[in-house]
Every structure is written in structure tokens, then in C-alpha cells.
Amino acid sequence: DQSRRILSNRDSLSSLSGLDGLRDVSGIRDAFRRIDLLLEADPPGVVGAVKELIEATAKTVLEHIGDGEPTAMDLPTLLSRTQDALGLSASSAPGTVDGAAPVKKILGGLKGIAIGIAELRNAEGSGHGRVRASNLTARHARLAVNAGRAWCEIILDTYADPDAPWRRSPRERN
């Protein structure tokens, strides 16, 4: 706009790549609807909804690949389990692009970002009774949305990629 701000396109929020390969994405879409509704009006609510989006994405992918019941995990464990299942962790197979040191560093950063969103939600976001009003503003909400989206995108893109390392047998990965 004239103030040199990048404006969001409301329609783009709900268009995560990688959703096509999943049977049921209603939890992910529900989190995006909540974010759309709250983005400018309720920054603490947005941060809470982004945390829910990350959890919904992780749980949906784990359910679709048949990796047990991911309901009773704390968020760091859920993130690790999801990234491990898709070959997107520090223990990724060497010899693949996903196993390269710079990619591992980025993936570790994304996991840290997702954990940071959960911590921000606990400190300032929705979901907890507050004694004082939150100090979050719309810019914090946009930061959370964009950061959370990055984690969700790589998870969903990797899940949907027919050539992703997680689809190969363990022997082929090494």
C-alpha cells in the first residue's frame, strides 16, 4: 500500500500447498477460518489459532501416514514426531537435500519458531484466563501467521511430494 506495507490477500491464507493429498483437512481449514476472522480484531486470538493450526497440521499428517495416535503429546514432541516421520529432522538421511546441513538448520529453526508461537500463545495469546490484557498487536498476529504458515507449508509439501525421502525405504534413504 502507500505506507509500503505488504497487504495480505485474505483468500491466500486458506490455500496452503500440499492439502490435496490428505483425506480430511477440515481441522486445518477451520484454524485458517478462525485466523481470517480474528487477524485484525483479535491478535491474541490469532496467536492461539496459529498454534492450533500447527497442531492440526501435525496431527492430520501423522494420522494420514498411520503414525499412531498423536492426541496426547505436548507440542515439542508432536513437532519432532511429525518432522521425524517425514524425514525433516536433524537425523534426516545423509546424501539427500533434506539431510544437508543448511536444510537441517532451516528445519530446526522452523521447529523453534513453532515452539516460539506456542510459548507466545501461553504468555500473551488466547486460551488462558488473564489478569491483564494482552500486549499483542496486529503485527504480532501477522508474524505468528507467517511463521506458522512456513512450518505448515514444509510439512504439507513434504507429505504431498511423491519423491520425498520419507516415502522411500530406510535402505534407499542411506
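This is a predicted model: local features need pLDDT of at least 70, side-chain atom pairs count only at pLDDT 80 or more; totals for chains, interfaces and linings use all residues.
Trainee: Why are α3 and α6 called roughly parallel to each other?

Mentor: The two helices pack at an angle of about 5°, with their axes 8 Å apart. Angles under 35 degrees count as roughly parallel, and α3 and α6 therefore receive that description.

Trainee: Which residues make that contact, and how many of them are nonpolar, polar or charged?

Mentor: From α3 the contact takes P43, V46, V47, V50, L53, I54, T57, A58, V61 and H64, while α6 brings A138, A141, A144, V145, G148, W151, C152, I155, L156 and Y159. By class, the contact of α3 with α6 has 17 nonpolar, three polar and no charged residues.

Trainee: Which residues touch the most other members of the largest nonpolar core, and which elements give residues to that core?

Mentor: The core holds 42 residues, of which I28, I35, V46, V50, I54 and W151 touch the most other members. The elements giving two or more residues to this core are α2 (26–38), α3 (43–64), α4 (75–85), α5 (101–124) and α6 (138–160), and the largest share, ten residues, comes from α3. As a general background, nonpolar side chains in soluble globular proteins tend to be buried together.

Trainee: Why does I117 count as buried?

Mentor: I117 is found in helix α5. Buried means under 20% relative accessible area, and because I117 has 5% relative accessibility, I117 counts as buried. Leaving aside residues up to four places away in sequence, I117 touches V47, V50, K51, I54, A144, A147 and G148. One of these, V47, is 70 residues apart from I117 in sequence and 6.9 Å apart in space, C-alpha to C-alpha.

Trainee: How do you know that T158 is buried, and what does its side chain reach?

Mentor: T158 lies in helix α6, and its relative accessibility is 8%, so T158 counts as buried when set against the limit of under 20%. The side chain of T158 reaches the backbone oxygen of I154 at 2.7 Å, and that value can be set against the cut-off for a polar contact, within 3.5 Å. Not counting residues up to four places away in sequence, T158 touches L86, L88, A164 and W166.

Trainee: Why does P162 count as exposed?

Mentor: P162 has its place in the loop between α6 and α7 (170–173). Exposed means over 50% relative accessible area, and P162 has 60% relative accessibility, so P162 counts as exposed. The C-alpha atoms of P162 and G21, which are 141 residues apart along the chain, are separated by 10.0 Å.

Trainee: Why is R130 called partly exposed?

Mentor: R130 sits in the loop between α5 and α6, and its relative accessible area is 35%. Buried requires under 20% and exposed requires over 50%, with partly exposed in between, so R130, at 35%, is partly exposed. Apart from residues up to four places away in sequence, R130 touches R121, N122, A123, E124 and G125.

Conventions. Residues are numbered from 1 along each chain as its sequence is written. Side-chain values use heavy atoms; hydrogens and water are left out. A nonpolar core is a set of buried Ala, Val, Leu, Ile, Met, Phe, Trp, Tyr and Cys residues joined through side-chain atoms within 4.5 Å. Buried means under 20% relative accessible area, exposed over 50%, partly exposed in between (1.4 Å probe, protein chains only). Helices (H or I, at least four residues) and strands (E, at least two) are DSSP runs, numbered from the N terminus. Axes are lines fitted to C-alpha atoms, for helices over the stretch in contact, and angles run from 0 to 180 degrees between N-to-C directions. Angles under 35 degrees count as roughly parallel, over 145 as roughly antiparallel, 65 to 115 as roughly perpendicular and the rest as oblique. Contact means heavy atoms within 4.5 Å. Ala, Val, Leu, Ile, Met, Phe, Trp, Tyr, Cys and Pro count as nonpolar, Asp, Glu, Lys and Arg as charged, and the others, Gly among them, as polar. A polar contact is a pair of N or O atoms within 3.5 Å; within protein, one must be able to donate a hydrogen and the other to accept it, and residues adjacent in sequence count only if both atoms are side-chain atoms.
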